[in-house]
Amino acid sequence: MATWNSRGLRGSAFEDFINRTNEKYQEQGLALIQKIPTPITPITIDKENRQITLAYFDQKSTVDYIGAVQGIPVCFDAKECHTDTFPLSNVHEHQKVFMENFEKQGGIAFLLIFFTRRDEFYYLQLSLLQKFWQRREDGGRKSFRYEELDPAFFLKHTGGFLVPYLEGLQRDLDVRD
């Protein structure tokens, strides 16, 4: 049986925090956000334990979450970082392209990053991801450092929300205006 820190369950605690936050946002009428499952095709099934033991992905995933906040379409992906350096290889190009196309349609796209060693959550605007991505494309760093991030987008534990990303979304909207 897999343990919680196995590769297959990587990020599940963070996603559980986000799922609980989404439930609370929905209960309060603030947002409706759904986790997007990645479609798989099972190859081997352990019928005794009712578990899929081998499968392949049907298609590339886009983002982890999609929905609406007070009438604003939003999509985001959740990433964990165990050091102060976030490798851009953790974001696939098709995910970045999906988020860019989502924003072209009037939505807001972002990443939520959990810096596990620091126990801090960060709201990464798509525009900042694009800046780091372009730097990499121009031959620069293939990652970004914790120190390069805007302190205003670190999420504070407030209001009983585990990952209060609506605060980051509000800041994002404010700087866009």
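The model is predicted. Strand E7 (residues 108-115) has all eight of its eight residues buried, so the rest of the structure largely encloses it. Helix H2 (residues 93-104) packs against E7, among other elements, through its buried residues. The whole structure holds 11 salt bridges.

- E7 is covered on both faces. Ile108, Phe110, Leu112 and Phe114 are buried on one side. Ala109, Leu111, Ile113 and Phe115 are buried on the other.
- Strand E5 (residues 72-81) runs parallel to E7, and eight bridges join the two.
- Within that pairing, Lys79 stands opposite Ile113 in E7.
- Strand E8 (residues 120-125) pairs with E7 in the antiparallel sense, over six bridges.
- Here Leu112 stands opposite Tyr123 in E8.
- The hairpin of E7 and E8 has four residues between the strands. Asp119 in this hairpin takes a positive phi near 55°.

**Helix H2**

- At 1.5 Å a residue, the 12 residues of H2 should span 16 Å. The end C-alpha atoms are 16 Å apart, which agrees.
- Which residues of H2 are buried? They are Gln95, Lys96, Met99, Glu100 and Phe102.
- These residues cover an arc of only 160° around the axis, which puts them on the same side of H2.
- An α-helix has 3.6 residues a turn, so residues three or four places apart point the same way.
- Glu93 and Lys104 are exposed on the other side of H2.
- The buried residues of H2 pack against strand E4 (65-69), E5, E7 and helix H3 (126-137).

**Gln34 in strand E1**

- Gln34 lies in strand E1 (residues 31-35).
- Is Gln34 buried or partly exposed? Its relative accessibility is 43%, so Gln34 counts as partly exposed.
- Leaving aside neighbours within four places in sequence, Gln34 is in contact with Gln26, Asp64, Tyr65 and Ile66.
- Gln34 and Asp64 are 30 residues apart along the chain, and their C-alpha atoms are separated by 8.5 Å.

**Salt bridges**

- Side chains of opposite charge can pair when their charged atoms come close.
- Glu15 forms a salt bridge with Lys35, with the closest N and O atoms 3.6 Å apart.
- That pair links distant parts of the chain: Glu15 is in helix H1 (residues 12-27) and Lys35 in strand E1, 20 residues apart.
- Lys35 has 33% relative accessibility, so it counts as partly exposed.
- A network of salt bridges links Glu15, Lys35 and Asp64.
- Lys79 and Asp77 meet through their side chains in a salt bridge (2.9 Å, N to O). Both Lys79 and Asp77 are buried.
- Arg176 and Glu103 form a salt bridge, with the closest N and O atoms 2.7 Å apart.
- Arg176 lies in helix H4 (residues 165-176) and Glu103 in helix H2, so this pair ties together parts that are 73 residues apart in sequence.
- Arg176 is partly exposed, with a relative accessible area of 38%. Glu103 is also partly exposed, with a relative accessible area of 21%.

Note on methods: Residues numbered from 1 in each chain as written. Predicted model: local features only at pLDDT ≥ 70, side-chain atom pairs only at ≥ 80, totals over all residues. Heavy atoms only, no water. Buried < 20%, exposed > 50% of the residue type's maximum accessible area, 1.4 Å probe, protein only. Pairing = 2+ DSSP bridges. Expected span 1.5 Å × (residues − 1). Arc of directions from axis to C-beta. Contact = heavy atoms within 4.5 Å. Salt bridge = Lys/Arg side-chain N within 4 Å of Asp/Glu carboxyl O.
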